[in-house]
Amino acid sequence: MRRAIFPGSFDPLTNGHLDIIKRSAPLFDEMIIAVLNNADKHPMFTVAERCDMIREVLPTVDTDGCKMLVESFSGLTADFAKQSGATAIVRGIRAVSDYEYELRMALMNRRLEPGIETVFLMAGEEYSYVSSTLMKQVFELGGRVEGLIPELVEQRMRSKSGNHR
Ligand code: ADP
């Protein structure tokens, strides 16, 4: 049984995240989309709202027989991975700018839990500039984000901001 976690803020889920989920699915039997409960950030969606959106969108995605679970966690990613019985942490790399931070995190996580490897997948070219933060900024300024985030997420962003464009 090859189990991985895909940790992140997912505030909110984007098509870039879904792209990584689709790419990593054939590599594992089971994957936990792990939504970080990070008290430092000012999120648009609560952790429960983010988990619910991911759970609603996942059935529309071809995950190649890989069982998908959605869970929230707080604390160290390495601890959560260990407790979950995962042997891999999946992360996406969009550009060189992601690499430095991801390298530090991967090395630290390996030091904390030597039995768990970080697996990096390269973003799809069409989503390589997509981030949750950019999507929120563009949406809040009235820009179009169709095709870059799931429709359901866009609807939830509209109701959240009272923006019924
Ligand atoms: P975090 O705050 O942990 O970076 P994010 O939700 O922003 O959480 O990202 C979670 C993971 O998804 C990270 O590995 C990030 O690199 C990856 N990711 C985010 N957006 C994209 C994208 N457009 N394409 C590929 N990977 C992405």
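His17 is found in helix H1, where helices (H or I, at least four residues) and strands (E, at least two) are DSSP runs numbered from the N terminus. The model is predicted, so local features need pLDDT of at least 70 and side-chain atom pairs count only at pLDDT 80 or more, while totals for chains, interfaces and linings use all residues. Residues are numbered from 1 along each chain as its sequence is written, and side-chain values use heavy atoms, with hydrogens and water left out.

- Not counting residues up to four places away in sequence, His17 touches Phe6, Phe10, Pro12 and Ser132, contact meaning heavy atoms within 4.5 Å.
- Thr77, which is found in helix H3 (residues 77-83), is likewise buried because its relative accessibility is 16%.
- Leaving aside neighbours within four places in sequence, Thr77 is in contact with Ile5, Pro7 and Ile89.

**Strand pairing and crossovers**

- Five of the six residues of E1 are buried, so this strand is largely enclosed by the rest of the structure.
- E1 pairs with strand E2 (residues 30-36) in the parallel sense over six bridges, where pairing requires that DSSP finds at least two bridges between the strands, and the bridge partner of Ala4 in E2 is Met31.
- The chain crosses from E1 through H1 to E2 in a right-handed β-α-β crossover, meaning that, with the strands pointing away from the viewer, the path from the first strand over the helix to the second runs clockwise.
- E1 is also joined to E4 by two bridges, in parallel, and Ala4 stands opposite Ala88 in E4.
- E4 and E5 run parallel and are joined by six bridges, with Thr118 in E5 as the bridge partner of Ile89; the β-α-β crossover from E4 through H4 to E5 is right-handed.

**The largest pocket**

- The largest pocket holds about 1000 Å³ of space, and of the 42 residues that line it, Pro7, Gly8, Ser9, Arg91 and Arg94 are the closest to its centre.
- A pocket is an open set of points on a 1 Å grid over the protein atoms alone, where a 1.4 Å probe fits, with protein on both sides within 12 Å along at least five of seven lines, and lining residues have an atom within 4 Å of a point.
- H4 gives the most to the lining of the largest pocket, with six residues.

How values were computed: Buried means under 20% relative accessible area, exposed over 50%, partly exposed in between (1.4 Å probe, protein chains only). Grid points are joined across faces, edges and corners, and a volume is the space filled by probe spheres set on the points.
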